[in-house]
Amino acid sequence: MSVFFLSLEDDLVLRFGGERMKSLYALFKIDEDTCLQSKMLSHGIENAQKNIEGRNFGIRKNVLQYDDVMNKQRLVMYEERMNVLRGADVHAQVLKYIPDYVAETLSSAVNVEDMPELWNEAELNAALEAKVLPEGTNYVTRERLMKWDYELALKKITRKVEKEYEKKIEELKELGIDFGAVERRVLLMTVDRNWIDHIDAMDQLRKGISLRAYGQVDPIISYKKEGFDMFDEMVARIQRTVISTLLKVKIEARPAPVPMQTANAAPMSAANGANAQANAQNAQPVRPASVRPFRRQMPAPLSSMSSFKSAQENAQKSQEENNENK
């Protein structure tokens, strides 16, 4: 059987009746090393442990509920990101972004509550060519505005934007440019950048959301509601950024740079160039002669000073003989 001892200074005892037990020790003048044993005391400690475990469980449950909000959003974004990384065709998905972006452009250029015949076609064309249509299109005319209502105008302009977008893709295909890769790259970069900002914003929301409890508001419910509202705003921002970038992006095909000749190379004529090319084909590659590395020859060690003197005398004699022969 295991026996556990608790000190009166333990956090568990101090939190649940520790002062009363200390007063009991002081009343009966019990020695500090004496152990108190009582069923009531053991039952009280057991209840205190249950209360603390229930409190910790509630804290962990709240943490899991907070994490569950981010986990659901993370699954959606990672699925979208992996779909792009696998090389899926996102062209149909990009086309779905056009109607909302055209409607946003119309709202910023004219008063959509008025009839189209009251719109200023010059201002509308300028806004459309700045965001969704190529420059110089001048699609909207006074005659068309007289025949349109808002729904028809939105439909006609959206169809025109889609047509011009497909036309640009076909022109780039003729130049050998895969615009599908451009769509995937723009979408991936936009998703990554906005997702990082969204994670930081959600972290800031979570740090201050607990204060809502003072206003008799459940922090978890507020966190879920505002978190999903922020997520919807992020998705709309991603769609707006992607389609605005793709509609107005300009891609140019440039030839590969030609390597420049060295400055000290003399200009050659056509005949000299042909002769040099023929000589280069007939010539055998010249291999550099093998050069032996220089090695310093160390003198043989001398055993004593007398041997050094005798060696020096022999060297002087050989030098004198050489001079006489000369």
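Is glutamate 226 buried, partly exposed or exposed? Glutamate 226 turns out to be partly exposed, because its relative accessible area is 25%, and buried would mean under 20%. Keep in mind that what you're looking at is a predicted model. The chain has 12 helices and 0 strands, so let's walk through it topic by topic.

**The big picture**

- Start at the N terminus and read along: the elements go α-α-α-α-α-α-α-α-α-α-α-α.
- The chain has 326 residues, and 24% of them are buried.
- Take the contacts between residues at least 6 apart in sequence: 69% of them join residues at least 24 apart.

**Salt bridges**

- The structure holds 9 salt bridges, and here are some of them.
- Aspartate 67 pairs up with arginine 206, and their closest N and O atoms are 3.0 Å apart.
- That pair links distant parts of the chain, with aspartate 67 in helix H3 (residues 39–85) and arginine 206 in helix H9 (residues 179–208), 139 residues apart.
- Aspartate 67 is partly exposed, with a relative accessible area of 35%, and arginine 206 counts as partly exposed at 29%.
- Arginine 240 forms a salt bridge with glutamate 104, where the closest N and O atoms are 3.9 Å apart.
- This pair also links distant parts of the chain: arginine 240 sits in helix H10 (residues 219–248) and glutamate 104 in helix H5, 136 residues apart.
- Both ends are partly exposed: arginine 240 has a relative accessible area of 32%, and glutamate 104 comes in at 38%.
- Back to glutamate 226: its salt bridge partner is arginine 212, with the closest N and O atoms 2.7 Å apart.
- Arginine 212 lies in the loop between H9 and H10 while glutamate 226 is in helix H10, so the pair ties together parts that are 14 residues apart in sequence.
- Arginine 212 counts as partly exposed, at 31% relative accessibility.

**A positive patch**

- Which residues gather in a patch of positive charge on the surface? They are Arg144, Lys155, Lys156 and Arg159.
- Helix H8 (residues 150–174) gives the most to this patch, with 3 residues.
- Lysine 156 has its place in helix H8.

**Around helix H6**

- Asparagine 125 lies in helix H6 (residues 121–131).
- Asparagine 125 counts as buried because its relative accessibility is 8%, and the cut-off for buried is under 20%.
- Leaving aside residues up to four places away in sequence, asparagine 125 touches Asn138, Tyr139 and Val140.
- One of those, asparagine 138, lies in the loop between H6 and helix H7 (142–147).
- Asparagine 138 has a positive phi of about 50 degrees, although it is not a glycine.
- Why point that out? Most residues other than glycine have a negative phi.

- Glutamate 113 is found in the loop between helix H5 (98–109) and H6.
- Is glutamate 113 buried or exposed? Glutamate 113 is exposed, because its relative accessible area is 68% and exposed means over 50%.
- The C-alpha atoms of glutamate 113 and tyrosine 150 are separated by 8.4 Å, and the two residues are 37 residues apart along the chain.

How values were computed
Residues are numbered from 1 along each chain as its sequence is written. This is a predicted model: local features need pLDDT of at least 70, side-chain atom pairs count only at pLDDT 80 or more; totals for chains, interfaces and linings use all residues. Side-chain values use heavy atoms; hydrogens and water are left out. Patches are made of residues with over 30% relative accessible area and no salt bridge: like charges are joined within 9 Å, nonpolar side chains (Val, Leu, Ile, Met, Phe, Trp, Tyr) within 5 Å. Accessible areas come from the Shrake-Rupley method with a 1.4 Å probe; for residues, only the protein chains shown count as cover. A salt bridge is a side-chain nitrogen of Lys or Arg within 4 Å of a carboxyl oxygen of Asp or Glu. Lys and Arg count as positive and Asp and Glu as negative; His and the chain ends are not counted. The place of a charge is taken as NZ of Lys, CZ of Arg, CG of Asp or CD of Glu. Helices (H or I, at least four residues) and strands (E, at least two) are DSSP runs, numbered from the N terminus. Buried means under 20% relative accessible area, exposed over 50%, partly exposed in between (1.4 Å probe, protein chains only). Contact means heavy atoms within 4.5 Å.
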